[in-house]
Amino acid sequence: MGKRVAIVGTGQTYMRSARKDVNGQELINEAVTAALADAELTMKDIDAVVIGNMDHFEGINYVDSWSVDGSGGYLKPIFKVCTGGTTGTTVAMCGYYHVASGLFDRVLAIGWEKNSESDTTGAIITAFDPVLDRPTFGGAVGGLALTAQRYMHLYGATEEDAALVAVRDRKHALNNPYAHLRLEITVEDVMKSPMISYPIKYLDMCPRTDGACAVVFASEDVAEKIAPQPAWVLGVVNRHNWTITGDPDLGSLESMAEAAAVLYQKLGIKEPLKEFDVMELYFPSSWAGLMWPEDLGLAKRGEGARLIREGITGMDGELPINPSGGVTSSNPIGATALLRVAECAIQIMGKGGQRQVQGAKTALATGFGGCSWSDVMIFGAKKPS
Amino acid sequence: MAEKKELLTVQSGEAEQPFNWAMGRYVSKFMTELRDNKRIVGVRCPQCKKVYVPPRQVCADCFLPMEEIVPLSGQGSIYCFTVLSFGFVDPDTGKQRPVPYTWAFIKLEGADTCLPHFVDLADPKKLKVGMRVEAVFEEQRRGHLLDIKHFKVIEG
C-alpha cells in the first residue's frame, strides 16, 4: 500500500476570456505562485512537477520544458500529461500517484489553458480519429448535443430542465471572485439565448476561458505540518471505454458510472447524496448536469432535474453541487478539471469564503473527456486509516 | 514593467502541416467498399457477436481479433441527432462548414454501434429518433468517409 496523500495548497488565476497581458508561462506562474503562497511553501520544497493542457489548443507541444520558468520546474522532474477534457484531473491523479509511491513528498500539479489563442471547436476536432471521426465531427458542442438529445428521447427531459442547471451554476458563480462568467440569469434567459447545436443554447454551454490552476500534493509524513486541515485523497479512479465516436451508448455516461461504482465500493459509500457534503462536477454543458449526477448515483435515471428543482443541490441544499459556479462559469480546459479538485480541497480546508459550504468534510470531483471518458476523485477532512 | 504598453499577438500564418494516416487492413476494406461498391461494411466479434461499424481489428470488450466482415444494407435509423447552427472552421479543409446541418448517430441495420454522419433534414422539429434513413453516395468517390454524402430520410 502506498503513502496517504493530501492536498495542502491550491492556487488559481482570475478566469477571463482573454489574458493578452500574459503569455502562457506567465499565466502558469500566477497559479503556481498562488498555490505555493497558500501552502506557505517555496519552490525549493517541491520535489516534482506535473503539468497539463490541451497542447493542440495553443500549438505548443513541449509544454513541460517550455513552461519551466512559469512552473518552477527548473532542474526538477517534470511530467506532462494530456488527456483532453480530463487533463486537469489526470494531472491531479498523476500528482497523487507520485506522492503515493513514496518517492516524492511534495508534488506540484498544474493545469492551464489559453483558449483565446485558437479556434476551440477546430482544435477539439483534431483530437479525434482523423479517418473515421473528423470528417463529420461537430466539435464538443455537437457531441454534447447528441448525448443531450438522446437523454431527452429516453426520459422526456426538456430544454427548461437543462436551463435549471445553467441558472444554478451561474448563480453559484456570483459567490466566486475567480469565476469568468458571473451571471444572474433565469430559465427564460437561457431559453431565449441563441440555439447553437440543438438542444444546446448559448447559455447552456461553457465559455472559452484563459486561466490556470495549481495544487500541491503532500505525503502523510509532511501534510499536517504544512496545512492545519489538509484535504486527504480518499480515492481516485479513471475509466475509458470506446475508441470511435459512434461506439458508446449516449444519454448516460458509462465510464463515470463505473468509476463512481468502483470508488463507492472501495470506500463503503452506499448513499452518495447523504454521505457527501459537496461536489464539484465537470459539466461542459447544462445537460451534463441533468445526466451525470444520475451516473454518480445521486438520482434515478431520468430524474436529474429533480435534484435542482427541489433545491437539493443548491447552496442551502442537502448536497451543494458546484459552489464555484462550475464549468459553465469558467472553462480554461486544461485547468478545468483541476479546478474541480482544487475547489473540493478549498471546501475541505474551509477556505471557500462566500462559496464555502459550512462544515464540508467529504467532497467528490469529476473530470470528463471527449464524449465518453471520466475521472472521479474523492476527498475527506479525516486522514484515511 | 508598470508602464502601460500595447499588448500584441502574432498569427501563426497560413502554413500547412499535412499528415498521411495509414488506415490499416480493416478501415481500408471499409473505404474501398464505399468507393467501389457503394456498400457499408462492419465486422463481427467471434465471441460476443457484436457487429462494429466501421470495422476495426479488435473488439474492445472481448479484446479479441475480429475477422468476419459483415455487409450492411446502407439503411438504418436515427439513434440521436443535433442540428448545428454555429459556424466553425473545419480543420480538415480550413473552411467553415455551411450551417445549419444535422449530425446524427445512425444505427445501421445489422450493426450494434452507430455511424456518426450527416442527415439531409436540418429541422429539429421534424427530426425524430427512430426515423428511417438511407446512405446517399457521392458520384465521385475516393475511399473516404465523405464518399457517403449524407443519409437521406426515407420514412418518418
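Here are a few exercises with worked solutions on a predicted model.

**Exercise 1. Find the domains of chain A and work out which element gives the largest share of the side of domain 1 that touches domain 2.**

Step 1: Domain 1 of chain A covers 5-119 + 209-226, and domain 2 covers 128-207 + 234-375.

Step 2: Check the spacing. Between the C-alpha centres of the two domains of chain A there are 23 Å.

Step 3: Look at where they meet. Domain 1 of chain A puts 34 residues into the contact, and domain 2 of chain A puts in 30.

Step 4: Go through the elements on the domain 1 side. β1 (5-12), α5 (87-100), β4 (106-114) and β7 (210-219) of chain A each bring at least two residues. The largest share, eight residues, belongs to α5(A).

Step 5: Sort that side by class. You get 14 nonpolar, 17 polar and three charged residues.

**Exercise 2. Describe helix α1 of chain A, from its span to what covers its buried residues.**

Step 1: Take the span. α1(A) runs over residues 24-39, and its 16 residues reach 23 Å from first C-alpha to last, close to the expected 22 Å.

Step 2: Pick out the buried residues. Among them are L27(A), I28(A), V32(A) and L36(A), along with E30(A) and D38(A).

Step 3: See what lies over them. The cover includes β1, β4 and β7 of chain A, and also α2 (55-58), α4 (68-71) and α10 (223-226) of chain A.

Step 4: Step just past the helix. There, E40(A) has a positive phi of about 55 degrees.

**Exercise 3. Work out how chain B meets chain A.**

Step 1: Count both sides. The contact involves 32 residues of chain B and 34 residues of chain A.

Step 2: Name the strands on the chain B side. β6 (75-84), β7 (101-108) and β8 (115-119) of chain B each supply at least two residues, and β6(B) gives the most, with five.

Step 3: Sort the chain B side by class. It has 25 nonpolar, six polar and one charged residues.

Technical notes. Residues numbered from 1 in each chain as written. Chains lettered and ligands numbered in written order. Predicted model: local features only at pLDDT ≥ 70, side-chain atom pairs only at ≥ 80, totals over all residues. Domains from an automatic or database assignment. Contact = placed C-beta atoms within 7 Å. Helix = DSSP H or I, 4+ residues; strand = E, 2+ residues; numbered from the N terminus. Nonpolar A, V, L, I, M, F, W, Y, C, P; charged D, E, K, R; others polar. Expected span 1.5 Å × (residues − 1). Buried ≥ 20, exposed ≤ 12 C-beta atoms within 10 Å, placed from the backbone.
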